[in-house]
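Subject: Structure for you, with notes

Hello,

Here is the structure I promised to pass on. Please open it first, then read my notes below.

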Amino acid sequence: MSLKGKSVLVSGAGKGIGRTTAVLLAGKGAEIVALTRSAEDLQSLKEEIGCRTLVVDLADPAAALAAAEEAMPVDYLVNCAGTTILESFLDTSVESFDFLHAVNTRAALILSQAYARDRLAKGLGGAIVNVSSLSSSFGFADHTAYCASKGALDAMTRVMANELGRKGIRVNAVNPTVTLTPMAVKAWSDPAKSGPLLSRIPLGRFIEPAEVGEVIAFLLSDAASMVNGVALPVDGGFSVN
Ligand code: NDP
């Protein structure tokens, strides 16, 4: 599966799944436009793969739109930036609920609109992958705002696939379970919490970031030319339980 000569905008490319995906796509021949919040992460990624870089806080909608427009044109888009705040349902604040929706959901809307407008204005098709989560369809304790933001991202993915698919832009989501990145260490470092989850994964372990990146690469590529509107679990079989 080659992405030779294709350009890909990857949000959240500084760390974790986004960074691993950017490196992996570059290894398949893609030119990467890396977008994230921390300049030092982009500098080290640039030294590693020679990508274009954009520093932006995606929680700011105007800044997100300006960065997205600056990033164009690209052939494909990966909306991977995301964050979490752990609070019980009763303790979930309006501020954290709004913040997680701004970063995990609204930013994907803004970047995708800028990408799709640019592609359609040129009469071109394309592909978008939204990095969602298994949390979109499970009620993990202390993840109210996060689960809601990812459920909304899956719903938006379906609408995008319906509307943009008719114009030649495929839109899919990947839905990993715990993937071993800094975010996961923050959320799942307590064995009392991770143990029961791990026991439900038939393949018996959490996910490596590259195992998500490979699925993203497939969904972007022509190998997935008739795949549109799926929310694809990358979960070692967690969902079958
Ligand atoms: P990391 O925390 O390791 O990396 C997230 C990246 O997104 C960082 O580069 C971060 O930049 C960037 N980012 C976060 N907030 C913003 C913002 N406001 N503006 C711009 N960039 C931002 O997370 P993961 O790699 O673990 O997660 C990546 C995606 O995968 C997320 O959407 C997450 O929800 C999803 N996911 C993760 C799972 C996991 O277990 N790890 C499981 C399922 C889904 P900075 O560090 O500078 O803030």
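D142 counts as partly exposed, because 17 C-beta neighbours lie inside 10 Å, and the cut-off for buried is 20 or more. Please keep in mind that this is a predicted model. D142 belongs to the loop between β5 (126-131) and α5 (144-165). Its phi is positive, about 70°, although D142 is not a glycine. Most residues other than glycine have a negative phi, and most peptide bonds are trans.

The model has an exception on the peptide-bond side as well. The bond from M72 to P73 is cis, with omega near 0°. P73 sits in the loop between α3 and β4 (76-79).

**Overall form**

The protein has eight helices and seven strands. Its C-alpha trace spans about 50 × 40 × 35 Å along the principal axes. The radius of gyration is 17 Å; a compact globule of 241 residues would have one near 18 Å, so the two agree. Of the 241 residues, 46% count as buried. Take the contacts with a separation of 6 or more: 72% of them come from residues 24 or more positions apart.

**The sheet**

Seven strands form an open sheet with parallel pairing. The order is β3-β2-β1-β4-β5-β6-β7. β3 (52-55) and β7 (231-234) stand at the edges. Each has a single partner strand, so one side of each is left without a neighbour in the sheet. From one strand to the next, the twist averages 20°.

Two of the pairings in detail:

- β2 (residues 31-36) and β3 run parallel and are joined by four bridges. Here T36 stands opposite V55 in β3.
- β4 and β5 also run parallel, again with four bridges. Here V78 stands opposite V129 in β5.

Strands of a sheet pair through backbone hydrogen bonds, either parallel or antiparallel.

Now look at β5 on its own. How many of its six residues are buried? Six of the six are, so β5 is largely enclosed by the rest of the structure. G126, I128 and N130 point one way from the strand. A127, V129 and V131 point the other way. In a regular strand the side chains alternate between the two faces of the sheet.

**Helices on the sheet**

Helix α2 (residues 39-49) lies across β2 and β3. It runs at about 170° to β2. Helix α4 packs on the sheet too, and touches β1 (7-11), β4, β5 and β6 (169-176). The direction of α4 makes about 175° with that of β4.

**Helix against helix**

α4 (residues 94-121) also packs with α3 (residues 61-71). The angle is about 35°, and the axes are 9 Å apart. α3 passes α4 in a right-handed crossing. Which residues of α3 meet α4? They are P61, A64, L65, A68 and E69. On the α4 side they meet R106, A107, I110, L111, A114 and Y115. The residues of this contact divide into nine nonpolar, no polar and two charged.

V23 lies in helix α1 (residues 16-27). Is V23 buried or exposed? V23 counts as buried, because 20 C-beta neighbours lie inside 10 Å. Leaving aside residues up to four places away in sequence, V23 touches E48 and I49. V23 and G123 are 100 residues apart in sequence. In space they are 29 Å apart, C-alpha to C-alpha.

T84 lies in the loop between β4 and α4. T84 has 22 C-beta neighbours inside 10 Å, so T84 counts as buried. T157 is 73 residues from T84 along the chain, and their C-alpha atoms are separated by 20 Å.

**Where to look**

Go on to the cis bond from M72 to P73. End at β5, with its six buried residues.

Best wishes

Terms used:
Residues are numbered from 1 along each chain as its sequence is written. This is a predicted model: local features need pLDDT of at least 70, side-chain atom pairs count only at pLDDT 80 or more; totals for chains, interfaces and linings use all residues. Axes are lines fitted to C-alpha atoms, for helices over the stretch in contact, and angles run from 0 to 180 degrees between N-to-C directions. Helices (H or I, at least four residues) and strands (E, at least two) are DSSP runs, numbered from the N terminus. A crossing is left-handed if the near helix is turned anticlockwise from the far one by less than a right angle, and right-handed if clockwise. Two residues are in contact if their C-beta atoms, placed from the backbone, lie within 7 Å. Ala, Val, Leu, Ile, Met, Phe, Trp, Tyr, Cys and Pro count as nonpolar, Asp, Glu, Lys and Arg as charged, and the others, Gly among them, as polar. A residue is buried if 20 or more other C-beta atoms lie within 10 Å of its own, exposed if 12 or fewer, and partly exposed in between; C-beta atoms are placed from the backbone. The radius of gyration is taken over C-alpha atoms; the globule rule is 2.2 Å times the number of residues to the power 0.38. Two strands pair if DSSP finds at least two bridges between them.
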